[in-house]
Amino acid sequence: INSKIWSEIDQNILASRIQILPNLRFYAAQSFFKRLLIAETDPPKIVDFSERQDRYLLARIDRLIKMGALDEAEELVQQISPLTKDSFSRWKKISLLGGRLTRLCKQLIAKPALSKDISLRVICYAKLGDWDTAALILSTASSLGLVDNQRETLLVYHLDPQFIGTAEIKKMQLEFDELEFFILEQANIGGKPHGFSVPYLYRKL
C-alpha cells in the first residue's frame with residue numbers, strides 16, 4: 001500500500017467515509033479493508049487546525065472494533081501519546097471485550113481523569129487486587145445515587161458472587177454493554193454468542 005495514499009485527502013472526509021462504509025460481506029474485501037486501516041501511511045491532510053487532529057485515527061480504531069479486530073485496534077490506541085479521554089474510551093471497550101484489563105486499569109488508577117466511569121473504577125481496583133477500595137467506591141457511589149440498582153447488583157456480584165446468587169443475575173434484563181458483558185463472561189454466564197455483534201465474539205474465536 002502506497003504510504004502517501006491518504007496524504008492529499010481531508011481527514012474529516014476520510015474519517016466520515018470510514019464511518020459510513022457499509023459492512024463488507026466477502027472475506028477478501030474485509031481483509032483488504034483491514035489492511036488499509038492498519039497500514040502505516042502518511043496522515044491525511046488537516047484543513048482546519050482548530051478541529052481535532054485525531055479524528056481519522058479514532059475512526060480507524062472504531063471501525064476495527066466494529067470488525068472484531070480488537071488486537072489491531074489496541075495497537076493503534078497504544079500509538080496515542082498522551083492518551084485522551086476519547087482514546088481511553090476506545091481502549092476501555094477493547095479491553096472489556098477482550099478480557100484484558102491489567103494495563104488499562106493501571107493507567108486509569110495512575111490517571112483517574114481519563115474516565116469518570118465509576119463501574120470501571122470498581123472493576124479495575126478489584127482487578128489489581130485492591131478489593132477493599134473497590135467495595136468502598138461502590139458503596140459510596142451507591143449512597144450518593146451515582147449507580148442504579150441493577151448496576152450495583154451486578155458489581156456486587158462481580159466482587160462477591162456468594163453474596164448474590166447467579167440465578168438473580170440471570171433474571172436481569174441487561175443491555176449487554178461492554179462492561180456487563182465482561183462481568184458475565186468472567187462469571188462464565190455470558191449470553192449466547194450468536195446474539196452479539198462481531199466484537200462480542202472475540203473471545204469465542
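**View 1. Helix H5 passes helix H6 in a left-handed crossing.** A crossing is left-handed if the near helix is turned anticlockwise from the far one by less than a right angle, and right-handed if clockwise. The contact, meaning heavy atoms within 4.5 Å, is made by Phe-88, Trp-91, Lys-92 and Ser-95 of H5 and by Arg-103, Leu-104, Gln-107 and Leu-108 of H6. By class, four of these residues are nonpolar, two polar and two charged; Ala, Val, Leu, Ile, Met, Phe, Trp, Tyr, Cys and Pro count as nonpolar, Asp, Glu, Lys and Arg as charged, and the others, Gly among them, as polar. The axes of H5 (residues 85-98) and H6 (residues 102-110) come within 9 Å and cross at roughly 145 degrees. Axes are lines fitted to C-alpha atoms, for helices over the stretch in contact, with angles from 0 to 180 degrees between N-to-C directions. Helices (H or I, at least four residues) are DSSP runs, numbered from the N terminus.

The model is predicted: local features need pLDDT of at least 70 and side-chain atom pairs count only at pLDDT 80 or more, while totals for chains, interfaces and linings use all residues. Residues are numbered from 1 along each chain as its sequence is written, and side-chain values use heavy atoms, with hydrogens and water left out.

**View 2. Gly-99 lies in the loop between H5 and H6.** Gly-99 counts as partly exposed because its relative accessibility is 23%; buried means under 20% relative accessible area, exposed over 50%, and partly exposed in between (1.4 Å probe, protein chains only). The C-alpha atoms of Gly-99 and Thr-133 are separated by 21 Å, and the two residues are 34 residues apart along the chain.

**View 3. A disulfide joins Cys-105 to Cys-124.** The S to S distance is 2.2 Å, and a disulfide is a pair of cysteine sulfur atoms within 2.5 Å. The pair links distant parts of the chain, with Cys-105 in helix H6 and Cys-124 in helix H7, 19 residues apart. The structure holds one disulfide. The torsion about its S-S bond is about -70 degrees, so the disulfide is left-handed. Cys-105 is buried, at 0% relative accessibility, and Cys-124 is buried with a relative accessible area of 0%.

**View 4. Helix H3 passes helix H4 in a left-handed crossing.** Residues in the contact are Leu-57, Arg-60, Ile-61, Leu-64 and Ile-65 of H3 and Leu-70, Glu-72, Ala-73, Leu-76 and Val-77 of H4. By class, the contact has eight nonpolar, no polar and two charged residues. The axes of H3 (residues 55-67) and H4 (residues 70-78) come within 8 Å and cross at roughly 160 degrees. H3 and H4 are therefore roughly antiparallel to each other, a term for angles over 145 degrees.

**View 5. Helix H11 (residues 178-186) is mostly covered.** Eight of the nine residues of H11 are buried: Glu-178, Leu-179, Glu-180, Phe-181, Phe-182, Ile-183, Leu-184 and Glu-185. What covers them includes H5, helix H7 (118-127), H9 and helix H10 (166-170). Just after H11, Asn-188 takes a positive phi of about 60 degrees.

**View 6. Thr-153 lies in helix H9 (residues 149-159).** Thr-153 counts as buried, at 17% relative accessibility. Not counting residues up to four places away in sequence, Thr-153 touches Ile-164, Glu-168, Ile-169 and Met-172.

How values were computed
Helix = DSSP H or I, 4+ residues; strand = E, 2+ residues; numbered from the N terminus. Parallel < 35°, antiparallel > 145°, perpendicular 65-115°, else oblique.
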